[in-house]
Amino acid sequence: MRSIPTRRPHLFFAFLCACALLLGHPLNRDAQAQQAGTGSTPAAKDKTAILQVLDDQQTAWNRGDVETFMHGYKDSPETTFIGSSVQHGYQPILERYKKRYSTPEAMGHLDFSEQSVRMLGPDHALVVGHFHLTRTASGGGDAQGIFSLILEREPEGWRIILDHTSTTP
């Protein structure tokens, strides 16, 4: 085991003080904020923007606006939705939503929870979370499940390019 040199205690003390200052330095706080996913770092701003996409989708859904809900998806033939089947393309996904949730009762009230964002690079992110759809019996009854989304940075903002949603009992 290595011992602390005793002949230069003032150098050791200066080293400890320097470490303490660095740990409390604003530059270090930015690094800590980035690791925590909060603060004003670029990654934290991206995570906030990504969660805002989901919040906007939830708001649009809960007012019965499927068209605006779909603004969270990239308008591309390569956009993919995986549920009980695999569907490719923005327009087919939109039509699926319109057909499956054709009434306010079928749409119910949507809540997202336990969302976690993981940056996969500067222009891609993974979001994993839970959803709960509260509906009347005539609307199809409550539904809940999990989802994973891959989002891509576009000129107009973050957009979903892959949505894998599964219902759970």
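Mentor: One definition comes first: buried means under 20% relative accessible area, exposed over 50%, and partly exposed in between, with a 1.4 Å probe and protein chains only. The model is predicted, so local features need a pLDDT of at least 70 and side-chain atom pairs count only at pLDDT 80 or more, while totals for chains, interfaces and linings use all residues. Residues are numbered from 1 along each chain as its sequence is written, and side-chain values use heavy atoms, with hydrogens and water left out.

Trainee: Is R63 buried or exposed?

Mentor: R63 counts as exposed because its relative accessibility is 52%. R63 lies in the loop between helix 3 and helix 4; helices (H or I, at least four residues) and strands (E, at least two) are DSSP runs, numbered from the N terminus.

Trainee: How many helices and strands are in the chain?

Mentor: The chain has 6 helices and 6 strands, in the order α-α-α-α-β-β-α-α-β-β-β-β from the N terminus. Of its 169 residues, 33% count as buried.

Trainee: What does the chain average in pLDDT?

Mentor: The average pLDDT (the predictor's confidence in each residue, from 0 to 100) is 84, and 77% of the residues score at least 70. Over residues 1-37 the pLDDT is below 50, and this stretch has 12 contacts beyond near neighbours in sequence; contact means heavy atoms within 4.5 Å.

Trainee: Now the core. Which residues have the most contacts inside the largest one?

Mentor: They are W61, F69, M70, Y73, Y97, V127 and L151, in a nonpolar core of 29 residues. Such a core is a set of buried Ala, Val, Leu, Ile, Met, Phe, Trp, Tyr and Cys residues joined through side-chain atoms within 4.5 Å. Helix 3 gives the most to this core, with 5 residues.

Trainee: What is V127 in contact with?

Mentor: Leaving aside neighbours within four places in sequence, the partners of V127 include I50, L54, F147 and L151.

Trainee: And which residues lie nearest the centre of the largest pocket?

Mentor: F81, Y97, Y101, F131 and T165 do, among 24 lining residues. A pocket is an open set of points on a 1 Å grid over the protein atoms alone, where a 1.4 Å probe fits, with protein on both sides within 12 Å along at least five of seven lines; lining residues have an atom within 4 Å of a point. Strand 6 gives the most to this lining, with 5 residues.
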